[in-house]
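Subject: Structure handover

Hello,

Please find the structure below. My notes on it follow.

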Amino acid sequence: MPSRSDLSSKARQSGRVSSRIRNDPSITFAQAMAAADTVMEENSKTKATQKKYKLYFDQAVKYAKEFAEDEAKKHAAWKKHQSEALHPEDESDYTDLDLGDNKECQEPTTGIPLDFDAAFDGPPKPFTPVALAMFLSEKCVNQGCKVGVAYAIYSSMLAHYDNLDNNDKYRGDWACDEKTGTCSGNPARSGRVQRMLHSLKKKDAEDSGDRKHSRAMSREDLDKIYAYVERNCPSKLEAEQFIHHGEGRYSPLHPELLSKRAESLNNLAFISTSWCIWTRCHETTNLQYKHFDFNMEPKHCSNGQVHPRFSINLRHRKNWQNKMESGELGIEGHYYNIYSCPDEPAVDAYRHVHEWVQFYSDIILRRPLNPNDYIFPTINFSKLTANPEKESDHTAVQKMITQLADAAGLPNSERSKYTTHCFRRGGAQYRFSDAPLGKRWTLARVRWWAGWAKGETGDTIVRYLLDELSTYEEDHRDALCPVDEAASNSHLGEDRALRPFTAEDGKKLYEHCDDVLETQFKNLTEHLVNVVRSQQLVREPSFSMPPPPAQPHANSSSRVQTPRTHARCNAPYSLPPTSARLPLTPSLVHTNSDSNIPRYPVLLPTQQHHSSGYPTTPTLHWQPPVQPTENLPPAASSLPPPQERRTIPRISKQKPELQWKTVVDDWELPQPNRCPIPLREWDPAWYKDTNQAVMYHIRKTIAEEYILEYGRDDTRFLKDYPSHVRGITPLFKAIRAQHQKEGKARSRAKRKDGSE
């Protein structure tokens, strides 16, 4: 039973039984009101929404100012032209003047308010709705933006003017007194703006023509993509072989195979994850290593079975914050447990994610993953370089989807193409209606898994679940088909599976089986004839390589096969037959002229960590035939671990005026979670091998200018380089220009066309 002191403590924490309401009597009224306003301003909407609203509002302000400036220039040009032109004696003679094509010399036909440039500055003005309607037209008509942009601008204006006055003066419907010019209400709610929104919506619908939406990635489509990727994915034994150059430096023996395997593993992990947890592609790319729990306890079921699993904490799903605020998610509403499903390899996210994370960590980064590393980063597969601090963008994801769909032979027309929502729609439709009987989900489970709110409008659910179904059941384009396949008689046409087997059905089945057997027999006959002919034409080889003596492998007794079983990408981790081993040739074994370190094709040594937690096999090394003792490959225990691929850390763009300080800290201070080794201590090979030389040069120039030239004098440094407020790129350009002026740096030679 809780003690009285515990109850009193809880009462005080909940705000009850308190001797004083105010916690700090020194706070003034103005301070308290400002603090309350700050709380409302910072927490009323998400930071991303606030940032987008600010962007659109700033664009509207800039549009009004530029429009007013352009009108002023036109008026000034017209007045100048009038003063320089010959004045006719009669006004009717104005029609004889030829002003040419110079529109600036034509008289402005309409007046513009004198302070139109301040249409969005401060309280709303009588012409603010006019300016807003003009801005909406500019964005959606002249610039070709969709109607969604118009509604985003409209929402930003609503939020701005609703919160402009503490007494809610501009929160209601718009009203303006023409005589006094007094305005009240929100200009975004004016009739002019509402009519503009309605017109843009109608225009967008007319321009769109046929409805275009993301084609759902069905299970059959996903199987085709998986078959294509697996067919073209090199096996681990083929691709993951490296040449050891000494001192922990390795290079791939077959770079093209390793690049192809990296891309295949990345694609399978991405599409299986998106399809299983129904994410939009930008939600998948936002997943970081800290969002995965690979150390979860296996699931112990009531029937005694044990199933391994890992969980994904999906914190960046659309509208997730609103659900967390309403308490709908509870404590674990955004966690998804992923289980192994080897009988469904195309959607086995458990296997694909583990294999990609292990490859990403051991081969690409060559270090354990950090919590903030993106699982699907910006990556260059041809060079096997990645920036773990930057997620893959929308363009790269859409390109990957389009390439896989085209390569797998999937229909991908302009009217209904696979976009970044295809996996979400396909996974939802499969679980609701396309999965085998007994594996379909209830609407409540579908709603929870998709992240839809309890009060979600029916349009969303219809769009994802029932839209394709309705089209399928109401489609009568095959009415002339000899076999009646109408689906309108039951849900998904399931009545076809319940029809009695008729004599006509038996006749069709007999004819079909007869055709299949005849075709198979014909193919078998042709195959046997070809085999016999090839045996007659076979010739003895000019020489044969005697197989070398079998060598025992240190890990042969403890070899564990990987779950992959495909001939290429699924090949088990085992040594090839002895007779198939290639002898070492000069193209495979190279001796460094600077040192006597032989270079052997070996598998990259497995690091001690296992970032994925996925069962791995012992490291196997490609063993050549018997060679002299001094040329044998080093033992696995003697090979040093590979050097970590270093990435220059990114710098936040939120406060550009402070970026130079981050550059200096990265240059000289070790930071375990950001830059463990200061940039000044980097080996030149680290940034040259990863194409970061230009970025490294920029950081070095800024840091050394501040430390060596200015002796860490902030005041003098910032005074001489005021461009630091715009970020490190303008600052670097200013420093380089100063160095060129002082003769410390040379200007790049100009080309013949005059450009540098």
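Helices (H or I, at least four residues) are DSSP runs, numbered from the N terminus.

This is a predicted model, in which local features need pLDDT of at least 70 and side-chain atom pairs count only at pLDDT 80 or more, while totals for chains, interfaces and linings use all residues. Residues are numbered from 1 along each chain as its sequence is written, and side-chain values use heavy atoms, with hydrogens and water left out.

Helix α18 covers residues 659-668, and seven of its ten residues are buried, so the helix is largely enclosed by the rest of the structure. The buried residues are Gln659, Trp660, Val663, Val664, Asp666, Trp667 and Glu668.

**Aromatic rings**

The whole structure holds 27 aromatic pairs. Rings of Phe, Tyr and Trp (its six-membered ring) pair if their centres lie within 6.5 Å; planes under 30 degrees apart count as stacked, over 60 as edge-to-face and the rest as tilted.

One of the pairs is Tyr63 with Phe135, which is tilted, at 5.5 Å centre to centre and 45° between the planes. Tyr63 lies in helix α3 (residues 47-84) and Phe135 in helix α4 (residues 128-142), so this pair ties together parts that are 72 residues apart in sequence. Both Tyr63 and Phe135 are buried.

The pair Tyr710 and Tyr721 is edge-to-face, because the ring centres are 5.9 Å apart and the planes are at 65°. Tyr710 lies in the loop between α20 (693-709) and α21 (714-720), and Tyr721 in the loop between α21 and α22 (728-742), so the pair ties together parts that are eleven residues apart in sequence. Tyr710 is buried, with a relative accessible area of 10%, and Tyr721 is buried at 4%.

Tyr63 and Phe135 also belong to one aromatic cluster with Phe67, Phe116 and Phe127.

Arg445 lies over the face of Trp441, 5.8 Å from the ring centre. The criterion is NZ of Lys or CZ of Arg within 6 Å of the ring centre and within 35 degrees of the ring normal.

**Cysteines**

How many disulfides are there? With a disulfide taken as a pair of cysteine sulfur atoms within 2.5 Å, the count is zero. Cys176 is in no disulfide, and the nearest cysteine sulfur, that of Cys183, is 3.5 Å away. Cys176 counts as partly exposed because its relative accessibility is 31%. Cys675 is buried, with a relative accessible area of 2%.

Regards

Technical notes: Buried means under 20% relative accessible area, exposed over 50%, partly exposed in between (1.4 Å probe, protein chains only). Helices (H or I, at least four residues) and strands (E, at least two) are DSSP runs, numbered from the N terminus.
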